[in-house]
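Visitor: Please show me the model, and then I will ask about a few of its residues.

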Amino acid sequence: MSMTTASSASLERDARAVNTHAEHQVRPGEIAIGVIIGRTSEFFDFFVYAIASVLVFPTVVFPFMDRISATLWSFAIFPLAFIARPVGTQIFMALDRRYGRGTKLTMALFLLGTSTVLMSFLPSYASIGIASAVLLGMFRIGQGIALGGAWDGLPSLLALNAPDRQRGWWAMVPQLGAPMGLMVASGLFAFFVSVLPPEDFMSWGWRYPFFVAFALNVVALFARLRIVVTPEYSEMFKNRELTPSRVTATVKAQWRNIIIGAFAPLASFALFHMVTVFPLSWVALYTQESIARFLVIEMVCAAFGLGAIVLSGVLADRIGRRSLLGYTAAGIAAFSGFAPQLLGAGSAGEVLFMVMGFILLGLSFGQSSGAVTNNFPKRARYTGAAITSDLAWLFGAGFAPLAALALTQAFGLVAAGGYLLSGALGTLLALGLNVELAKRLD
């Protein structure tokens, strides 16, 4: 602990020395840069694992099963990170209170990078048997604990410093990291899948994206330390009451807001994996299509999602964030009724599914951070937003690939829309019941 703290303190001093200027002022645009870099790094880690959970782990870790069963078991390990995130939040909030935000971020991102890069050294089932699955589960839990600690409060600070008539615009900024991370992760895997023979890819090619993830975490750490430890921003966090509160006390005082905040963005979080991980598993298991080709399709469609996230900022400032969340939830509910069948309608249907799904995802996901941030009083915003985000990801996204594939295997593609529909109904219910949330979002 003392070595980590000392190292972090050195990094913080370096960041202050480089970035402290006599006339430096806090600007939303400057915060946005740190937010985008940090979120892109986190989502890249996220998608590298997600893609490998379809293309790699069923063969490397569960080769003794048929392909569908092996993928289901791979997806069973997938939600461990989401289950561990609230635990990580509690651990690292305590470190934040005692050692500061810079130390917390340094330790969390070091753990995230270490857990991710260790996956690149994962021994196969052929080498160590079922211990391979145990190690994968442990590394996945490490990722989840680290992601719980990686909450830096910058989205909340960004929202609080945004002009009153541009809250929706600035609320969408943190969400840009998701499609950016997906595009980089999909591009890397598409490259290795296309240039390597299958046996080489399964032996060593798949490991390289995990090394890249560690490097990106280092870049993201310095980008975020540059902001959170400088005197101007430290004072701003303090003045805005964006300081860590005890998790148990926050839950006890704000449990209603936490529940509503967790369910308000449920539609977008459920759709998140339904247009990224699940269709990749469908193509890999039920079609003879080129995996590299579909990964390129994901990259292109992620660009549509990126544009839709930007558009969500414009629309939210015109019609209100709550209204936009409600409209998009209704759209996702309608989409769930016919979208899965598009996957079974050939190449054209797949592309239509992906384009429509990413546009809907961008419009809804673009404002999900705004729903979380503005549901809390300032004194509880830093910790409350972190807990709410953890639970929203757990309820909405954590089990989506497993549930969708299991439903598809049991009842056909049409049943996969049921999980998506439940998320949309959860959002509509949360927005309809919580009057206080409605007032704050509009």
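Visitor: Is Ser245 buried or exposed?
Guide: This is a predicted model, where local features need pLDDT of at least 70, side-chain atom pairs count only at pLDDT 80 or more, and totals for chains, interfaces and linings use all residues. Residues are numbered from 1 along each chain as its sequence is written, and side-chain values use heavy atoms, without hydrogens and water. Buried means under 20% relative accessible area, exposed over 50%, and partly exposed in between (1.4 Å probe, protein chains only). Ser245 has a relative accessible area of 18%, so Ser245 is buried.

Visitor: Which residues is Ser245 in contact with, leaving aside its neighbours within four places in sequence?
Guide: Contact means heavy atoms within 4.5 Å. Ser245 lies in the loop between helix H14 (231–239) and helix H15 (247–263); helices are DSSP runs of H or I with at least four residues, numbered from the N terminus. Leaving aside neighbours within four places in sequence, the contacts of Ser245 are Arg97, Thr250, Arg379 and Thr383.

Visitor: Is Glu42 buried or exposed?
Guide: Glu42 sits in helix H2. Not counting residues up to four places away in sequence, Glu42 touches Leu112, Leu147, Ala150 and Arg224. The relative accessible area of Glu42 is 13%, so Glu42 is buried.

Visitor: What does Tyr208 count as, by relative accessibility?
Guide: Tyr208 belongs to helix H13 (residues 208–228). Its relative accessibility is 42%, so Tyr208 counts as partly exposed.

Note on methods: Helix = DSSP H or I, 4+ residues; strand = E, 2+ residues; numbered from the N terminus.
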